[in-house]
Number of protein chains: 2
Amino acid sequence: MKTVNVAIMGIGTVGGGAYDILTANRDLIRRTRGLDICVTAVLDRSPEYVAKRTGGAARAATLDEIIADKSISIVVETMGGVEPAKTFIIKALLSGKSVVTANKELISKHWSELETAAKKGGAGLYFEASCVGGVPVIRALTMSMQGDNITELTGIINGTTNYILTKMDEDGKSFDAALKEAQAAGFAEANPAADVEGYDAMYKLSILSSLAFHTSVPYGCVYREGITAVTQSDVENGRALGYTLKLLAIGRKRGDKIEVRVHPTFLPHNHPLAAVRNEFNAVFLKGDGVDDIMLYGRGAGARPTGSAIVSDIVTCAKAAEPTYSTFNNNGQLNPPTEIEQDFTSKYYLSLTLPDNAGTLSKITEILGNFGISIGAVIQKEASDGFARVLFLTHDTRENAVRGAIEKFKKSPRVKSVDSLIRVI
Amino acid sequence: MKTVNVAIMGIGTVGGGAYDILTANRDLIRRTRGLDICVTAVLDRSPEYVAKRTGGAARAATLDEIIADKSISIVVETMGGVEPAKTFIIKALLSGKSVVTANKELISKHWSELETAAKKGGAGLYFEASCVGGVPVIRALTMSMQGDNITELTGIINGTTNYILTKMDEDGKSFDAALKEAQAAGFAEANPAADVEGYDAMYKLSILSSLAFHTSVPYGCVYREGITAVTQSDVENGRALGYTLKLLAIGRKRGDKIEVRVHPTFLPHNHPLAAVRNEFNAVFLKGDGVDDIMLYGRGAGARPTGSAIVSDIVTCAKAAEPTYSTFNNNGQLNPPTEIEQDFTSKYYLSLTLPDNAGTLSKITEILGNFGISIGAVIQKEASDGFARVLFLTHDTRENAVRGAIEKFKKSPRVKSVDSLIRVI
């Protein structure tokens, strides 16, 4: 039986989850995969904690000790953040040790440098755990669907925002109250910005769309809008119109044009993603062979993310040789690929208007001038001389809608532009 | 670039779908996988059809010609049925050519013999396309979740029956009318027995549960019940109680006990599998690391199944060496594994009873004597002196329910036992 000695850098939630699975299922993995995976060293801020957490089974080690230990072939990075994780990973890769990481921010920001180091060291770089926890979406993109031209990727890939939006929808909570509940339940950080502002989903989308479309999609190309501006009244209005509000990550390829965006989105109630509740995640992929497939599961958490790390360790140990990106992974958009900024969508638009004769007609005229065709208009009861008016547009261009919004903001006929939410 | 010459045996629907993807996306696969996959030979009943179907790009060949051609490394089998597919595959494997097949019946019935031939020939045997079409469920079991102890597998893995049940539920059709519609839409065969009697799902469940539980699960161990006895009134009664009727394949492992069963099942409306409509398939997997994941997509069809075949070809061409079963694949149940026949479930039971005082009390007494606890009773309007009574039980043992049913069939107090449907 092949022995695989592993070092874990950072034995917090996710690293601890991986450690627990490796320990509990060591015999299963021996018996079914012919690998004896042994965590021999752990790097952690607190060496005492290593002894306590592993019951002395693994020794506390520094980076240099791990690098110097020729018996260690795989290093797991579960520290999070860019530094020192980046420096540590690059050193491990250059020394010829393969790296398994759950670090989406690092992969998204420095994939090119990490892969360069991996190639130099002849090592592998694995990161299934960086996107959508235990859901094998990276494996689906790299080890299934290899003959498919993938043209669409649509997902709920952040559990925190999905939990918050579910509570706003089902329990009528405000954003603030739902966020507090998410924090209490352990589904949101004390500083929730990375999740609720859409950064986490942006990093993941840049990784997943690079893999899906075989071209480097830097995270800076992703249009990003979080959920902090979403109100209970948006959620209610959408529900009445037959829609559920989700923070979607959307990637689409049309020839050499790619659109990549993260924003709150209304989905029809019967859309399979509308049924993805609480902290769960799901990703839809569309290929020209397989058509639509969806992968669903827990996008975060110690054991689900740990399960993806263990899967990467086994995959790495079984691989004949490391495989690298299927595209020019230089951190830049690869020509002739271009980002489509002026994408097409349906829109939900909420305006507060003076309750005067002729106002609605003027507003619809402006929309018409921008080529925006209206699917539905709902005027809600007026109060204080103002009416709340909701518009649902047919498919239209982003730039047209932005143009109309600018016009509305300057118009004396519009008191306020309250919401603009894309609809699929 | 590595050239991979492939032969296809049987260029019908599925073989043709694989051929079309390989042809249309040949450049994509060259560019992204570094493989030039070329279909050089096709075996088909009609050699003239080969020339027509491939525009002369592939030559018509006999099995002996394919075996003799040293340039061919992978043989795709898409003929279906047991013979001559089995003989052809074994010859190809013994000659050292790897085989990619979509043939669930053959894998389920003769996996052990095929794998023995593969090992002798040093060849690989790939069959992602045999289960759930383009949905990468076999890849999820073999190349993801490798560190998970998988304890449950629950799926809608037959598109024909799901299409029929959807039409019965949503359009109020009878079984016969829904079957005719499925046949007209191309989702059911002229002879639908393999699908509607549950054989197709049984073969797939035996393959998937062997992979999930790492033990040989012969198809003869699968409890099988089709959907031909399902009535419109069952579907309606279930819907009124909050349930959707699906043909489920269920595999569970508890220690050394395994239960494997295919039968019509009531699911709560909010269960994710209840939303899987028409010809779509989905599989839930539960592991001790990843918890629940679900994979959803098209379980059949030329291109979805063809996509899985192409994925297997790429996987095979990239593999350092063939991998074989993670268990003793001898076609027998491997001790100490046992099949749990007396499984636990909730039940929906529909009886026709004489509308007499005391009857219901006698019936519930019999259920009680068998240790069956009742969750709900609904007595429907009597006609002709008979009442239709529906029972929903709490969790109970299969054998207890069967005992009660035997008793009811002999009892003068029961006119007829109309339905017995398991509930999850």
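In what sense do strand β1 (residues 2-9) of chain A and strand β2 (residues 35-43) of chain A pair, and over how many bridges? The two strands pair in the parallel sense over eight bridges, where strands count as paired if DSSP finds at least two bridges between them. Helices (H or I, at least four residues) and strands (E, at least two) are DSSP runs, numbered from the N terminus. This is a predicted model, in which local features need pLDDT of at least 70 and side-chain atom pairs count only at pLDDT 80 or more, while totals for chains, interfaces and linings use all residues. Residues are numbered from 1 along each chain as its sequence is written, and chains are lettered from A and ligands numbered from 1 in the order in which they are written.

Val6(A) has Val39(A) as its bridge partner in β2(A) and stands opposite Ile74(A) in β4(A). Strand β4 (residues 72-77) of chain A runs parallel to β1(A), joined by five bridges. These strands belong to an open sheet of six with the order β3-β2-β1-β4-β5-β6 (chain A) and parallel pairing. Its edge strands, β3 (59-60) and β6 (125-126) of chain A, each pair on one side only. Towards β6(A), strand β5 (residues 98-101) of chain A pairs in the parallel sense over two bridges, with Val100(A) opposite Tyr126(A).

Between the chains, 43 residues of chain A are in contact with 43 residues of chain B, contact meaning C-beta atoms, placed from the backbone, within 7 Å. Among the elements giving two or more residues to the chain A side are α1 (13-24), α13 (302-318) and β12 (291-298). β12(A) pairs with strand β12 (residues 291-298) of chain B in the antiparallel sense over five bridges, and Leu295(A) stands opposite Leu295(B).

Notes. Two residues are in contact if their C-beta atoms, placed from the backbone, lie within 7 Å.
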